[in-house]
Amino acid sequence: MSDSQPKMILWQTVPCWGAPSTSPFCIKLETWLRMAKIPYQARVLNRPPRSATGKVPYIERSDGSLLADSGAIIEALTAEHGVTLDEGLDARSQALQTAVTRMLEDHFYWVIAWDRWIIDAHWAQTRVAYFGALPWPMSTLVPAVLRGPMRRALHGQGFGRLTSEAILERTRRDLAALAELVGDGTAVLDRRSSVDAIAYAFLVAARCPPWNGPLQQAVAARPNLMAYCEAIERDYW
Ligand SMILES: N[C@@H](CCC(=O)N[C@@H](CS)C(=O)NCC(=O)O)C(=O)O
């Protein structure tokens, strides 16, 4: 594709703490686009998302059509662009991909949310990093309004009812599982595949905040996962 051709737009949240977005789902999709060598233009959303789900990330194709949900986008773009990242994976590898995806997106994600939004000392920094650029009084009102729903979401999910130690124990198990799968290699499976975009994104999101809390320490305690992230960064970023 020549530079003059319109590129697909990746709508996402602001870069934060050295990561390309506040959202692990946005980091996942952007990493995957790089792995798949699909040209895109990343844009930061400064209004509510126009996606059907009301969430980020979403893409805007050159014909103006929108598509939401990182997983659905990857599936659609894989078909549209003939992406071969997951081609030829056997049934066991596909099963592992599904299991790791669910662990990170539906379990580990909530640890990241809890770490950033619920722990008061961390929230003081999250609030500024996420919303500090908004004009006053939005910079104060928006975080105050959004923290309640996040608390309720964590209560519904279950972490909101657990002690910090119980949450961290589960986190360490997720990381142990991932560390076992990655081993000394640079892929979750025997070779690079789409699930590496997910593993990288969620590890980066967990380790990037500027505080050195128990979550960041739990990631740092897995040198092979740190080396894995460095390898993905070196190869795609
Ligand atoms: N399943 C979605 C999850 C995306 C998601 O949860 N995005 C969050 C940011 S990390 C969001 O947009 N939250 C806003 C909201 O829930 O209203 C995906 O894979 O894209």
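A residue counts as exposed when its relative accessible area is over 50%, and as buried when that area is under 20%. Residues in between count as partly exposed. These terms are applied here to a predicted model.

Helix α6 shows how the terms work. Arg173 and Glu180 of α6 are exposed. The buried residues of this helix are Ile167, Leu168, Thr171, Asp174, Leu175, Leu178, Ala179 and Val182.

Helix α7 has 13 residues. Its first and last C-alpha atoms span 18 Å, close to the 18 Å expected at 1.5 Å a residue. This helix is mostly covered, with twelve of its 13 residues buried. Among them are Val195, Asp196, Tyr200, Phe202 and Leu203. Several alanines are also on the list, including Ala197, Ala199 and Ala201.

The C-alpha atoms of Val195 and Thr98 are 8.5 Å apart, although 97 residues separate them along the chain. Thr98 belongs to helix α3, which covers residues 91–117. The relative accessible area of Thr98 is 41%, so this residue is partly exposed. Ser194 lies in the loop between α6 and α7. Ser194 is buried because its relative accessible area is 10%, which is under the 20% limit. The side chain of Ser194 makes a polar contact with the side chain of Asp86, at 2.8 Å.

The ligand is surrounded by Ser23, Phe25, Lys55, Val56, Pro57, Asp69, Ser70 and Tyr109. By class, this shell holds four nonpolar, two polar and two charged residues. A side-chain N or O atom of Ser70 is 2.5 Å from an oxygen atom of the ligand. For Asp69, a polar side-chain atom lies 2.9 Å from a ligand nitrogen atom. An N or O atom in the side chain of Lys55 is 3.3 Å from a ligand oxygen atom. On its own, the ligand has 510 Å² of accessible area, and the protein covers 67% of it.

Pro57 is placed in the loop between β2 and β3. Another cis peptide bond runs from Trp136 to Pro137, with omega near 10 degrees. Pro137 falls in the loop between α4 and α5.

Positive phi values also occur in residues other than glycine. Asp69, a member of the ligand shell, has a phi near 80 degrees. Asp69 is found in the loop between β4 and α2. Its relative accessibility is 42%, so Asp69 counts as partly exposed. Lys37 has a positive phi of about 60 degrees. Lys37 lies in the loop between α1 and β2. At 72% relative accessibility, Lys37 counts as exposed, because the value is over 50%.

Definitions and conventions:
Residues numbered from 1 in each chain as written. Predicted model: local features only at pLDDT ≥ 70, side-chain atom pairs only at ≥ 80, totals over all residues. Heavy atoms only, no water. Near = heavy atom within 4 Å. Polar contact = N/O pair within 3.5 Å; in protein donor to acceptor, adjacent residues only side chain to side chain. Areas by Shrake-Rupley, 256 points an atom, 1.4 Å probe, with all protein chains shown as cover. Nonpolar A, V, L, I, M, F, W, Y, C, P; charged D, E, K, R; others polar. Buried < 20%, exposed > 50% of the residue type's maximum accessible area, 1.4 Å probe, protein only. Helix = DSSP H or I, 4+ residues; strand = E, 2+ residues; numbered from the N terminus. Expected span 1.5 Å × (residues − 1).
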